[in-house]
Amino acid sequence: MSGGTSEEAPLRVVVADDEPLARERLRTLLAGEPGVALVAEAASGAEAVRAVLSTTPDVLLLDIEMPSGDGFEVLRALPPDQTPVVVFVTAWQRYAVQAFEARALDYLLKPYDRERFRTALLRARQHVRLVRRSEAPPHRQEEMLCALAQAEAPPRRLPVKADGRIRFVDCAAITHVEAEANYVRVHAGGEQFIMRETLTHLEERLDPRRFLRVHRSVLVNLDHVRELEPLSQGEYILSLSGGVALRTGRGHRSRVEQALGLEGN
């Protein structure tokens, strides 16, 4: 990730999360990035609003489920001209649609790694640079940011090479994607396509409301999950449309259960 230069002001960040360990994790990651200043922390929605109004940050790393006002209530409480770039950081995938409707720039799903965090921070930095360098009034700046966010929206189709031609695969038809070294194998409509791309990079491009990493080498389209069979040690067998059966990774259990509404069952 390219960091800030000596010629630009540091990226001012506020962290809002009610879990001390989560705030410590973000604090550690931010400390490892150049050109970043953590200006405040908050452990509740009310504290987050006060922190933003008093420090005027560039970026707000915002949890959703917090006491004294959740993340969406925080955004509703902030004046439009004092709302920073927002990156939601949460353990709950079910809020993804609502988050993007609230014009959040990114949605970090816990547990995330340093690479994913850096990708989100880079996008935030690019948006902030756009505002800082623009001479447009605030309402025009908001329009510019919205246009940029729409340009970065998840694609509806993927271009893939097949038989010497470029095919456009409907993302809704993709059942799952498997990693193969620096390539991925995309399964869609009973066909398979090879793309020269890492699974992590493709995951970042696809719609997080639809695609879920269920194993370190497998990405699944949740719309195609038909059945789930629990195994021992926190693993599951997912049965997809078309008769495909996939085994989930042990470390992805909580994500799978949250995404499929199995919490508390």
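The model is predicted, and the values below are computed from it.

- Phenylalanine 72 and phenylalanine 88 form a tilted aromatic pair, with 5.2 Å from centre to centre and an angle of 45° between the planes.
- This pair links distant parts of the chain, since phenylalanine 72 belongs to helix H3 (residues 71-77) and phenylalanine 88 to strand S4 (residues 85-90), the two being 16 residues apart.
- Phenylalanine 72 and phenylalanine 88 are both buried.
- The rings of phenylalanine 100 and tyrosine 107 have their centres 6.3 Å apart, and their planes meet at 40°, so this pair too is tilted; the reasoning rests on the cut-offs, by which ring centres must lie within 6.5 Å to pair, and planes under 30 degrees apart would count as stacked and planes over 60 as edge-to-face.
- Phenylalanine 100 is partly exposed, with a relative accessible area of 28%, whereas tyrosine 107 is buried, with a relative accessible area of 6%.

**A charge over a ring**

- Arginine 94 lies over the face of tryptophan 92, at 4.8 Å from the ring centre.

**A cis peptide bond**

- The peptide bond that runs from lysine 110 to proline 111 is cis, and its omega is near -5°.
- Proline 111 is placed in the loop between strand S5 (106-109) and helix H5 (114-133).

- Threonine 56 has a phi near 45°, which is a positive value in a residue other than glycine, and threonine 56 lies in the loop between helix H2 (45-55) and strand S3 (59-62).
- Alanine 181, although not a glycine, likewise has a positive phi, of about 60°, and alanine 181 is found in the loop that joins strand S8 (174-180) and strand S9 (183-188).
- With a relative accessible area of 73%, alanine 181 is exposed, because the cut-off for that class is over 50%.

Methods. Residues numbered from 1 in each chain as written. Predicted model: local features only at pLDDT ≥ 70, side-chain atom pairs only at ≥ 80, totals over all residues. Heavy atoms only, no water. Phe/Tyr/Trp six-rings, centres within 6.5 Å; stacked < 30°, edge-to-face > 60°. Helix = DSSP H or I, 4+ residues; strand = E, 2+ residues; numbered from the N terminus. Buried < 20%, exposed > 50% of the residue type's maximum accessible area, 1.4 Å probe, protein only. Lys NZ or Arg CZ within 6 Å of the ring centre and 35° of its normal.
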